Amino acid sequence: MRVHAKRAVALAAGLLLPVTVMANWTMNMSPGVTSTSNQIYSLHMTILWICVAIGVVVFGVMFWSIFAHRKSRGFKPANFHENTVVEVLWTIVPLAILVAMAIPATTTLIEMYDTTESDVDIKITGYQWRWQYEYIDDDFSFFSNMSTPKDQIRNRQAKGENYLLEVDNPLVIPVGKKVRFLLTANDVIHSWWVPEFGVKKDAIPGFINETWTRVDVPGTYRGQCTELCGKDHGFMPVVVKAVPEEEYNVWVAEQKEAAETERRLTEKDWTLEELMERGEQAYATACASCHQADGTGLPPAFPALKGSQMALEDMAGHIEIVVNGSPGTAMQAFGNQLSEVDLAAVITYERNAWGNNTGEMVTPKEIFDYKNQQ
Amino acid sequence: MSAVADTHAQEHHHGPAKGISRWLLTTNHKDIGSMYLMFSFAMFLLGGSMAMVIRAELFQPGLQIVEPEFFNQMTTMHGLIMVFGAVMPAFVGLANWMLPLMIGAPDMALPRMNNWSFWLLPCAFLILVSTLFMQGGAPNFGWTFYAPLSTTYGPPSTTFFIFAVHIMGVSSIMGAINVIATILNMRAPGMTLMKMPLFVWTWLITAFLLIAVMPVLAGVVTMMLMDIHFGTSFFDASGGGDPVLFQHVFWFFGHPEVYIMILPAFGAISHIVAAFSRKPLFGYASMVYAVGAIAVLSFLVWAHHMFTVGMPIAGQLFFMYATLLIAVPTGVKVFNWVTTMFRGSLSFEAPMLFAVAFIILFTIGGFSGLMLAIAPADFQYHDTYFVVAHFHYVLVPGAIFGIFASAYFWLPKWTGHMYDETLAKTHFWLSFVGMNLAFFPMHFLGLAGMPRRIPDYALQFTDFNMISSIGAFMFGVTQLLFLFIVVKCARGGEKAAAKPWDGAEGLEWTVPSPAPYHTFSTPPEVK
Ligand code: HEM
Ligand SMILES: [Cu+2]
Ligand SMILES: [Cu+2]
């Protein structure tokens, strides 16, 4: 493990030197920071060099013929068209090379599939278009949304260093521990990829896939969803922070406390203004990608909420569709994705924003009761 | 009076009908072949212009030209149109023109069905392309249309997409039946199976692949239709269905499909390399066996497209080994071509230039394919631009260059004129440079971590994307030159001899150029 880590650091440093000089001309796979990614990298380089070697021989013979055996040079054609010995040879030799290649590939694969004896278990759920991370052993969870501002994407503002590869809440994992990931999805298929870990696995509705990693070098690692999952597929990054164990424990304690506070917030008495303020934020992260920031939606795929009959008149229907979703459409059930406070806030917001001035509000307690009746 | 009637009847028999009905009602394999080729070129330009939209958007980071929804429609339609509209019909067109000429038959075995299978295609693509103008837009779920993105979450036009795929499937199956019936029943006396030209062999095998897998495609889209409209849950997990089942069924069709797009090119290239090396093809028998082996193995490797779905490790290993195995017969073919060139007497007219580029660049695509077959490494490559680079290296210099090589090789036979060699060489060199500029940097992008099917990307990918877009525009514009060359050749030019290439072999060169409307009314004798 240590050896791998050292090698990885050395390689990364070696790669970084030319990279900083050459700016954005990264041409090769990164060896990454885990034993899996190291092994994949060495498989990749081995097969690459095998291909180069075969290419040199085959193209060498070809270019030799192209230059030497030209009609324009008066070269007379030979007339052979068979040779059993060569034909057998060039069937057997490639076969032997491939067998030699399959052996290390098999051992690596077996290691990648060994998800036993994990120290930390994290459930990852793909949603259109964000990730949910659930710390199974510690009973808290959160969503991770892309945090790149729209203005950068629309070229109205200079693009930041981590353009498209930054999130509001990164996944946090402890360094040196075996972390097991359980992957699933809520709507369509997504795929969770962190190149530096050598981990990519599909998140499929109705399935739970397993994979694992053990990161030895603290740092922030970035990846993306790699399975086409709809319009914002290009905008659902993965960011993982690997931190030393003590720091991790402190962070987990904080998260548990925050979850507790959140539960207490449900009990509080909320005013319309407070809910509107909170609702605006929740709406921006959870709903605006489809219904748009100004509530006009993208009809016919995503209906407008501004002036919608449901938002203006049908309160029960409104709560129901937000909590339970609309089956068979992109409108998901947000009941388990958002806290009671956020659900109440977002519904209140939709009923009062963009000129939907109903003046009505929904409290977290009402949502809590609604959910409990189901 | 009777004399007049006779000449009239003869005229009718020997020349094409006049006007639009010649094309609508024709049962002549040459007319139908030409229509297939023209249709496929039109689709190539349409699918190509969609690629230009994609590449224009990806020229710079940020969203400039199109919205992400429309971007997804462009990638999807580009893939579908190129695969089903450009490549497959082009090979059927070549088959129509050349199979009867190569085996000494007067026409295809089932001429009326031939007409019908062609005319279904414009209908299918009219439906497919019209989805762009429908509410909710065209299909946007990738040419692989994975469920549930394409079922529960698909746009309303998905139903029209399904219908279009059904019609294309019917057309392909009828085309394949026709090819098999022609080859098995209508060869000239003396032409045994092992004397058949390789283009005939590769098409025979391709036709069997088509008959085996097009119904699977029809099955999978029908299951989608049922899920969308009739309340079944084949692919819907919340109803007890299985989204991964979709992928298994799709790729059981999809992998043989990629060989359908390349095997006929293998055949044509074999003729061209031998002709311009002025030397018989090396290892004819092993070529035939290699194609057969590839065809059989192509049914056993489908899940190499699904290494990340979470298959059990035994499945993972099986599909990795089977995929590695398929490299062996593919290697044999490349070695045979190179050995055919070795100690030949080479000249480099346009068909040969395209053929040599085919061998080199297809082999590069084969190398990246070998890399993708290594399952652990595929976890890093999968669904990145490395894959986009890989399949464009096998499809553009593979299928498309194979088609260009064949077109230049046989144009003199089709039109009776030599094409403009200088222009054709210009077409080649611009295509060659453009294509490599467009697709080689995609390898780097994929390895550096850029996922495919994204309308916008992180800043470290900027430079190679810019180069790639420039190459793509260069390649795209160059194809208009091909149109010009073909039109020019059809309208006039130096008269072509019956056999314009001194090294060429085969029955097609024994008939005059242009090939008369009816050929081999009495079968030739093959020794
Ligand atoms: C004119 C030259 C071409 C250019 C510049 C081009 C460009 C592209 C690009 C950039 C993509 C990736 C889109 C993405 O993942 O975001 C793509 C996808 C694709 N291309 Fe091409 N392409 C060309 C020709 C072809 C040809 C001749 C074929 C042949 C059959 C083809 C088949 C495909 C397929 C199947 C896809 C996958 C579509 C999908 O992701 O669903 N392309 N092309
Ligand atoms: Cu995605
Ligand atoms: Cu495949």
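**Reading the metal sites and the chains**

Modeller: Let us begin with His304(B), which counts as buried because its relative accessible area is 14%. Please bear in mind throughout that this is a predicted model.

Colleague: Is His305(B) buried or partly exposed?

Modeller: The limit for burial is 20% relative accessible area. His305(B) has a relative accessibility of 21%, so this residue counts as partly exposed.

Colleague: Which residues coordinate the copper ion (ligand 3)?

Modeller: Donors are N, O and S atoms within 2.8 Å of the metal. Here they are ND1 of His255(B), NE2 of His304(B) and NE2 of His305(B), at 1.5 to 2.2 Å from the copper ion (ligand 3). Along the sequence these donor residues have the spacing H-x48-H-H.

Colleague: How should I read the site of the iron atom of ligand 1?

Modeller: One begins with the angles. Ideal angles at a metal are 90 or 180 degrees for six octahedral donors. In this structure the iron atom of ligand 1 has six donor atoms with angles of 86 to 180° among them, and the site is octahedral. Its protein donors are the NE2 atoms of His78(B) and His392(B), 2.0 Å from the iron. His78(B) belongs to helix α4 (residues 68-103) of chain B and His392(B) to helix α14 (residues 385-415) of chain B, so the pair ties together parts 314 residues apart in sequence. Both His78(B) and His392(B) are buried.

Colleague: What are the protein donors of the copper ion (ligand 2), and what is the geometry of its site?

Modeller: Ideal angles at a metal are 109.5 degrees for four tetrahedral donors. The copper ion (ligand 2) has four donor atoms with angles of 84 to 126°, and its site is irregular. For a tetrahedral site all angles would have to lie between 85 and 135 degrees. The protein donors are Cys225(A) (SG), Glu227(A) (O), Cys229(A) (SG) and His233(A) (ND1), at 2.1 to 2.4 Å. Their spacing along the chain is C-x1-E-x1-C-x3-H. Cys225(A) and Cys229(A) are both buried.

Colleague: Which residues of helix α9 of chain A are buried?

Modeller: An α-helix has 3.6 residues a turn, so residues three or four places apart point the same way. In α9 (residues 315-324) of chain A, the buried residues include Gly317(A), His318(A), Ile319(A), Val322(A) and Val323(A). Among the elements that cover the buried residues of α9(A) are α8 (309-312), α10 (340-352) and α11 (364-373) of chain A. After α9(A) comes Gly325(A), with a positive phi near 75°.

Colleague: How is chain A built as a whole?

Modeller: Chain A has 11 helices and 10 strands. Its radius of gyration is 28 Å, well over the 21 Å that the globule rule gives for 374 residues, so chain A is more spread out than a compact globule. The C-alpha trace of chain A spans about 95 × 50 × 40 Å along its principal axes. Of its 374 residues, 49% count as buried.

Colleague: Where does UniProt place the feature "transmembrane region" in chain A?

Modeller: A record and a model may be read side by side. The unreviewed UniProt entry places this feature at residues 47-67 and 88-110 of chain A. In the model, residues 47-67 of chain A are 100% helix, with end C-alpha atoms 29 Å apart. Residues 88-110 of chain A are also 100% helix, and their end C-alpha atoms lie 33 Å apart.

Definitions and conventions:
Residues numbered from 1 in each chain as written. Chains lettered and ligands numbered in written order. Predicted model: local features only at pLDDT ≥ 70, side-chain atom pairs only at ≥ 80, totals over all residues. Heavy atoms only, no water. Donors = N, O, S within 2.8 Å, 3.2 Å for Na, K, Ca; no water. Tetrahedral: all angles 85-135°; square planar, octahedral: opposite > 155°, others 65-115°. Helix = DSSP H or I, 4+ residues; strand = E, 2+ residues; numbered from the N terminus. Buried < 20%, exposed > 50% of the residue type's maximum accessible area, 1.4 Å probe, protein only. Rg over C-alpha atoms; globule rule 2.2 N^0.38 Å. UniProt positions renumbered as here; feature names shortened; annotations may be inferred. Contact = heavy atoms within 4.5 Å.
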